[in-house]
Amino acid sequence: LALIILIVIIPISGALVLAKIKPEITYNVRYTATALLAFLMFVAKGVDWLTCLTPRIFGRILAITAIVVMTGFSAYSYTNYQFNIKYHKADFRSAAAYINEKRMHNDAVICLIDSGVIKRYAKDSFQCENFHLNTLNDKLKLDILMRQIVESRKQLWLVLTNEWYIDSSGNVKEWLDKNYEEITYLHKDVNEIANINIYTYDLTRKKAMPLH
């Protein structure tokens with residue numbers, strides 16, 4: 001029992017501690033996959049315990065029911081993973097290809113995700129603007145930086161995803177929506193590119209920008 005508990009605790013606590021020590025490493029549940037063996041051992045022990053209940057026929061019915069329920073949940077989850085785009089991995093490759101195909105020279109690109117992944121698929125054809133968390137959370141600093149980014153540009157691309165989304169407050173999109181018109185026919189969302197939202201703004205169609 002102690003061995004099983006250690007197999008569960010060490011991977012999970014190790015991943016959490018590593019994420020705290022090195023914040024640049026994003027915590028992800030897949031890092032705890034090594035605890036799967038212990039989890040299966042717990043499940044097997046639980047099913048075995050059910051078969052020992054009295055009367056025996058009752059225990060066996062409970063065990064079979066538990067196996068059917070767990071198998072059903074697993075099958076439902078796997079079916080969603082395979083066929084429901086909501087649960088697919090973010091399709092960075094398609095996002096980079098779409099931006100490359102549609103963008104104009106000197107377009108600005110803001111990737112509020114893992115920009116390193118986008119860069120790999122973009123193959124240096126475009127660069128994502130860099131943001132620091134303290135800038136994203138400070139609206140005055142963000143306003144100054146955004147004005148610098150849009151200067152002398154005609155279009156701006158904003159790439160968001162449910163994974164590694166660093167602007168959780170949505171300040172960048174709020175700023176763009178307030179100041180510029182979106183080019184809606186260039187909009188792509190999760191139903192077209194898995195777990196990626198792409199917004200394109202016409203920087204020549206400026207709304208009334210508030211003064212600070």
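You're looking at a predicted model, so keep the ground rules in mind: local features need pLDDT of at least 70, side-chain atom pairs count only at pLDDT 80 or more, and totals for chains, interfaces and linings use all residues. Residues are numbered from 1 along each chain as its sequence is written, and side-chain values use heavy atoms, with hydrogens and water left out. Helices (H or I, at least four residues) and strands (E, at least two) are DSSP runs, numbered from the N terminus.

**Helix packing**

- Two packed helices are described by the angle between their axes and the distance between the axes.
- For the values below, axes are lines fitted to C-alpha atoms, for helices over the stretch in contact, and angles run from 0 to 180 degrees between N-to-C directions.
- Start with α1 (residues 2-21) and α2 (residues 36-51): their axes sit 8 Å apart, at an angle of about 135°.
- That pair is therefore oblique (angles under 35 degrees count as roughly parallel, over 145 as roughly antiparallel, 65 to 115 as roughly perpendicular and the rest as oblique).
- The crossing of α1 and α2 is left-handed (the near helix is turned anticlockwise from the far one by less than a right angle; clockwise would be right-handed).
- On the α1 side, I4, I5, I7 and V8 make the contact, and they meet A38, M41 and F42 of α2 (contact means heavy atoms within 4.5 Å).
- Sorted by class, that contact has seven nonpolar residues, no polar ones and no charged ones (Ala, Val, Leu, Ile, Met, Phe, Trp, Tyr, Cys and Pro count as nonpolar, Asp, Glu, Lys and Arg as charged, and the others, Gly among them, as polar).
- Next come α7 (residues 139-150) and α8 (residues 171-179), which pack at about 60° with axes 11 Å apart.
- That angle makes α7 oblique to α8, and the crossing is right-handed.
- From α7, the contact uses K139, L142, D143, M146, R147 and V150, while α8 brings N171, V172, E174, W175 and L176.
- The class breakdown for α7 with α8 is six nonpolar, one polar and four charged residues.

**Aromatic pairs**

- Searching the whole structure turns up two aromatic pairs (rings of Phe, Tyr and Trp, the last by its six-membered ring, pair if their centres lie within 6.5 Å; planes under 30 degrees apart count as stacked, over 60 as edge-to-face and the rest as tilted).
- Y98 and W157 have ring centres 6.1 Å apart and planes at 80°, so they pair edge-to-face.
- Y98 belongs to helix α4 (residues 92-102) and W157 to strand β2 (residues 155-161), so this pair ties together parts 59 residues apart in sequence.
- Y98 counts as buried at 10% relative accessibility (buried means under 20% relative accessible area, exposed over 50%, partly exposed in between, with a 1.4 Å probe and protein chains only).
- W157 is buried too, at 0% relative accessibility.
- In the W175 and Y180 pair, the ring centres are 6.1 Å apart and the planes are at 45°, so the pair is tilted.
- Both W175 and Y180 are buried.

- T54 and P55 are joined by a cis peptide bond, with omega about -5°.
- You'll find P55 in the loop between α2 and α3 (56-83).
- N106 isn't a glycine, yet its phi is positive, near 75°.
- N106 sits in the loop between α4 and β1 (108-111), and at 39% relative accessible area N106 is partly exposed.
- S152 is another non-glycine residue with positive phi, near 65°.
- The loop between α7 and β2 holds S152, which counts as exposed at 65% relative accessibility.

**Two residues to look up**

- Q127 is in the loop between α5 (115-122) and α6 (133-136), and 46% relative accessibility makes Q127 partly exposed.
- Not counting residues up to four places away in sequence, Q127 touches V109 and K119.
- From Q127 to L142 it's 15 residues in sequence and 19 Å in space, C-alpha to C-alpha.
- T135 is part of helix α6 and is buried, with a relative accessible area of 12%.
- Setting aside neighbours within four places in sequence, T135 contacts K141, L142 and L145.
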